[in-house]
Amino acid sequence: MNDMSIRHFFRTIMKPLTWGGVGVGLLLLSGCGLYNKYERPDDVNTTGLIRDIVVGTDTLQVNSDENFGELPWREVFTDPQLQALIEKAITNNTDLRNAALNVKMMEDMLKVAKLAFLPSVAIAPSGTLSRVMMDGMSTSKTYQLPISASWNVDLFGNILSQKRSAQVQLLATKDYQVAVQTAIVSGVANLYYTLMMLDEQVDILNDMEELTKETWEMMKLQKNLGMARSTSVQSAEASYYSVQAQAVDLRRQIREMENAMSLLLNEAGHQIPRGKFYNQSLPSKFAAGVGIQLLSNRADVHAAEMALAQCFYDVETARSRFYPSINVTGTAMFTNSLGSAIVNPGEWLLSAVGSLTQPIFAHGQIVAGLRVAKAKQEQAFNTWQNLILKAGNEVSNALLLYNASDEKSQLEARQVEVLTQNVEDTKQLYRSKGSNYLEVIQAQSSLLNARISKVADDFSKMQAVVNLYQALGGGSR
């Protein structure tokens, strides 16, 4: 086949695909939805996501334009030791490293999807050496150097929709990486504050240990003077041991929290450097953000929407399978084997083939594939909608936790003040025989519980800040 015949052949098979024909064809196909781009559905529910922390039936209204979740984590968590731990976790954490590798893999997959628009080219050289065992023993040498190219004409959007699907899948993978980092930042902060809370409770128990030991010694002295019963001494001694046992349990919890923190840092368990509980400075005023901000800031919510977009393009791919597939193949081969003749030097053999395949009956696979793709798209929408509501729920709960913990802490501060004075007054009354030993022990126990409860509620305030920051999609910068 000479060059003129090849050009004539291509003009013949590609004649229906002139620019005018392609334009009309694309216009018709766009009406069928084959080239549509994903758009956010209008029926997603984003109203009333965050309840007011005071009025249970009202939606929280936020006047500030600043979203607390958009602050860099260094501006929220200002403790230098905590910042160093967060930076180390971001650098070393195994989950975050694997998330980064997933992004790289998806970038490679997207490159493959983009290259699908180009022709595939292959070369397969071969040679044959044959010898005829006759008088004179002649040897023949034949060789072939074929180069073939195949191009799938993406007239019906099959390759395009697959490329777009890979693009949104890459975005979802990046979202997952951000979500992992947000979880790590929040996890390190929560563990750090937990450790300081446990340290503070240990300090309280140490103070109470001295107080209960002092009471025990006083009871023993009173017994030796005949002013107290042996049961009074036993109760005071038991109270002393109870405080010591609680301290042992707290020290165990501290070790466990340090091990958990070390695991986040991708290190063996070790002591975690940290500051003092009541030296921390955290934000106390929050612009929560509503509706659309949750859609754009929360990486997991955006990833769920990208999963919906991927399903949308999968539906487009499934729909394109109802249309013909057009493939153009060209081959050029330099060879000295022309049928039964062997010539030297070799000659070029050129060929071109155009094919069109229209599915007519495929055992219902194409129809079923489209139905499955649509069902998955509906599932993805339901998952996305539920995650939006869940995000609003998490923000509401974090705000409620902060508000309730702050209110309780203020009440408990007054309670501690009253009970501290009550312990002193009860001890004075006991010394003057104006009360019995049970009142002294009960006053000490009440003070211990109140101080520990106040620390726990102050910790809940810190935890609420961390939870709110994560719920609003913070921690990625």
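Trainee: What share of the contacts in the protein with a separation of 6 or more comes from residues 24 or more positions apart?
Mentor: In this predicted model, such residues account for 82% of those contacts. A contact here requires heavy atoms within 4.5 Å.

Trainee: How many helices and strands does the protein have?
Mentor: There are eleven helices and five strands.

Trainee: Why are helix 5 and helix 6 called roughly antiparallel?
Mentor: Helix 5 (residues 94–115) packs against helix 6 (residues 158–224) at an angle of about 170°. Angles over 145 degrees count as roughly antiparallel, and the two helices are therefore given that description. Their axes lie 9 Å apart. By class, the contact of helix 5 with helix 6 comprises 13 nonpolar, seven polar and five charged residues.

Trainee: What makes the phi of Asn 266 worth a remark?
Mentor: Asn 266 has a positive phi of about 60°, although this residue is not a glycine. Asn 266 is placed in the loop between helix 7 (230–264) and helix 8 (292–297).

Trainee: Why is Asn 266 called partly exposed?
Mentor: The relative accessible area of Asn 266 is 38%. Buried means under 20% and exposed means over 50%, with partly exposed in between; Asn 266 is therefore partly exposed.

Trainee: What percentage of the residues of the protein count as buried?
Mentor: Of its 477 residues, 39% count as buried. The protein exposes about 26600 Å², and carbon and sulfur atoms supply 55% of that area.

Notes. Residues are numbered from 1 along each chain as its sequence is written. This is a predicted model: local features need pLDDT of at least 70, side-chain atom pairs count only at pLDDT 80 or more; totals for chains, interfaces and linings use all residues. Side-chain values use heavy atoms; hydrogens and water are left out. Axes are lines fitted to C-alpha atoms, for helices over the stretch in contact, and angles run from 0 to 180 degrees between N-to-C directions. Helices (H or I, at least four residues) and strands (E, at least two) are DSSP runs, numbered from the N terminus. Angles under 35 degrees count as roughly parallel, over 145 as roughly antiparallel, 65 to 115 as roughly perpendicular and the rest as oblique. Ala, Val, Leu, Ile, Met, Phe, Trp, Tyr, Cys and Pro count as nonpolar, Asp, Glu, Lys and Arg as charged, and the others, Gly among them, as polar. Buried means under 20% relative accessible area, exposed over 50%, partly exposed in between (1.4 Å probe, protein chains only). Accessible areas come from the Shrake-Rupley method with a 1.4 Å probe; for residues, only the protein chains shown count as cover.
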